[in-house]
Structures are given as C-alpha cells and as structure tokens.
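This report describes selected strands and helices of one protein model. Please examine the sequence and the structure below before reading on.

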Amino acid sequence: MGGVTSAASSPVPPSPSVLGLAPVIPVVVLEDAADAVPLARALVAGGLPAIEVTLRTPAALDAIRAIADEVPDAVVGAGTLLTPGHVEAARAAGSRFLVSPGWSPRLLGAMKDSGVPFLPGVSTASEVVALLDEGITELKFFPAEAAGGTAYLRSLASPLPQARFCPTGGIGLASAPSYLALPNVGCVGGTWMLPADALAAKDWGRVRQLAEEAAQLAA
C-alpha cells in the first residue's frame with residue numbers, strides 16, 4: 001500500500017487506502033455480466049460504494065468493466081487475484097483496487113507495479129511480518145473465521161500495531177461489528193448482503209435493503 005518500497009525496485013508513490021472506502025466491502029461472484037450494473041447500483045444506493053468482484057467466473061472481467069463504465073459512484077475492485085496476469089487483466093478492465101487470498105513474491109510485485117491500492121491476503125503472523133518488511137501495512141485477513149477470527153486479530157494488535165486488516169471469510173451481519181470494533185480492523189468483506197436467491201431473482205431492491213443495513217455498521 002502507501003509508500004511501498006523494496007530492495008529491488010524504486011519507491012512507489014502512496015496510493016489511497018482500501019480500508020477507508022467503506023466499513024463493509026461486498027464480495028461479489030457474478031455468473032452473468034448483465035447483472036453487474038444493476039447490482040452495483042443497488043449496493044451504491046444502499047451505501048456500499050466499494051465493490052469487490054471476484055475473478056472466479058468467466059463473467060468477472062466484463063462485470064468489472066461494465067461497473068467501471070456505467071456506475072460512476074462505485075469503486076470497483078477485483079478479488080481472487082492469483083497471478084500477475086490476473087492483476088494486469090483486472091487493471092485493464094478498470095479495477096480501482098486489488099485483493100488476493102494470499103500472496104507470492106511474483107504476485108506481490110505485480111500488485112505493487114499496478115499503481116492501484118491492493119490488499120494481499122494473510123492468515124499467519126509470519127506472513128504479516130514478511131509484508132511489513134516490504135513496507136505493506138494494509139492486508140486482507142483470510143479466511144477470517146476459519147483462521148482464528150476476532151481472537152486472532154486481537155492477539156496481533158499489540159506485537160504488530162502497524163498492520164491493519166480487512167477480514168473476509170465467514171463474516172455476517174451479526175459478527176461484523178465485533179471485527180470492526182478492533183483497533184487493527186479498517187473494514188470487513190462479506191457476502192451476506194448478496195443472498196443467492198435475491199441474485200437469482202434479480203431482486204435489486206432486497207440487495208439495496210441489505211446493503212443499507214450493512215452500511216449502518218459505520219455508525
């Protein structure tokens with residue numbers, strides 16, 4: 001993230017913080033790119049402008065492109081980045097932030113070079129220390145519930161106060177406030193405002209209502 005440097009590269013100018021975009025980042029899996037724009041408009045209208053579209057389906061890049069082109073109030077990003085090629089394709093499609101479930105040196109280098117904010121995924125203290133050594137302080141904690149949840153993140157706050165997280169994985173409306181209350185959590189990622197039956201029915205009004213409930217967690 002901001003001010004990233006490494007021994008092998010020149011300093012990268014500071015980038016805006018992903019963690020400051022919204023208290024909740026919807027994690028979207030889209031099978032049909034035609035749903036991208038109405039879904040994004042519903043989330044934005046509900047108060048969740050930052051939208052992570054995962055690269056888990058063939059429709060993902062077209063969905064990102066459509067949101068970037070047609071929903072100006074949305075801040076669309078790409079998730080489930082696994083390779084430098086994913087980073088390049090996501091950036092070309094209009095992604096304004098990048099998220100990965102984990103990281104490798106090659107993937108990290110590509111995200112650094114992208115020029116947009118990014119959250120590399122971690123689930124252990126050693127991974128956090130390695131990224132802090134690279135000057136990266138904003139991270140995705142994944143899979144949050146399976147990897148230790150709030151108790152684990154709380155235990156990292158004292159020895160690693162520089163690190164701040166977006167926990168994702170198994171978090172819902174009931175558990176999100178306990179994560180957001182932690183001093184080292186800037187936002188959470190989740191899918192609870194995107195129930196499968198609502199997406200199948202294209203019930204964008206329900207998505208908007210659930211997004212409004214999630215947005216209230218910032219209060």
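## Strands and helices of the model

Strand β1 (residues 24-28) pairs with β2 in the parallel sense over two bridges; strands pair if DSSP finds at least two bridges between them. Helices (H or I, at least four residues) and strands (E, at least two) are DSSP runs, numbered from the N terminus. The model is predicted, so to speak of local features requires pLDDT of at least 70, side-chain atom pairs count only at pLDDT 80 or more, and totals for chains, interfaces and linings use all residues. Residues are numbered from 1 along each chain as its sequence is written, and side-chain values use heavy atoms, with hydrogens and water left out.

Valine 28 has valine 53 of β2 as its bridge partner. Together, β1, helix α1 (residues 36-45) and β2 make a right-handed β-α-β unit. Right-handed means that, with the strands pointing away from the viewer, the path from the first strand over the helix to the second runs clockwise.

On strand β2 (residues 50-54), five of the five residues are buried, so the strand is largely enclosed by the rest of the structure. Buried means under 20% relative accessible area, with a 1.4 Å probe and protein chains only. Ala50, Glu52 and Thr54 point one way from β2, while Ile51 and Val53 point the other way. In a regular strand the side chains alternate between the two faces of the sheet.

| Strands | Bridges |
|---|---|
| β2 and β3 (residues 75-79) | five bridges |
| β7 (residues 138-141) and β8 | four bridges |

Strands β6, β7 and β8 form an open sheet in the order β6-β7-β8, with parallel pairing. Strands β6 (121-122) and β8 (164-167) stand at the edges, each with a single partner strand, so one side of each is left without a neighbour in the sheet. The bridge partner of leucine 139 in β8 is phenylalanine 165.

The axes of helix α2 (residues 60-70) and helix α3 (residues 84-93) come within 8 Å and cross at roughly 30°. Axes are lines fitted to C-alpha atoms, for helices over the stretch in contact, and angles run from 0 to 180 degrees between N-to-C directions. The crossing makes α2 roughly parallel to α3, a term for angles under 35 degrees.

Key. Parallel < 35°, antiparallel > 145°, perpendicular 65-115°, else oblique. Buried < 20%, exposed > 50% of the residue type's maximum accessible area, 1.4 Å probe, protein only.
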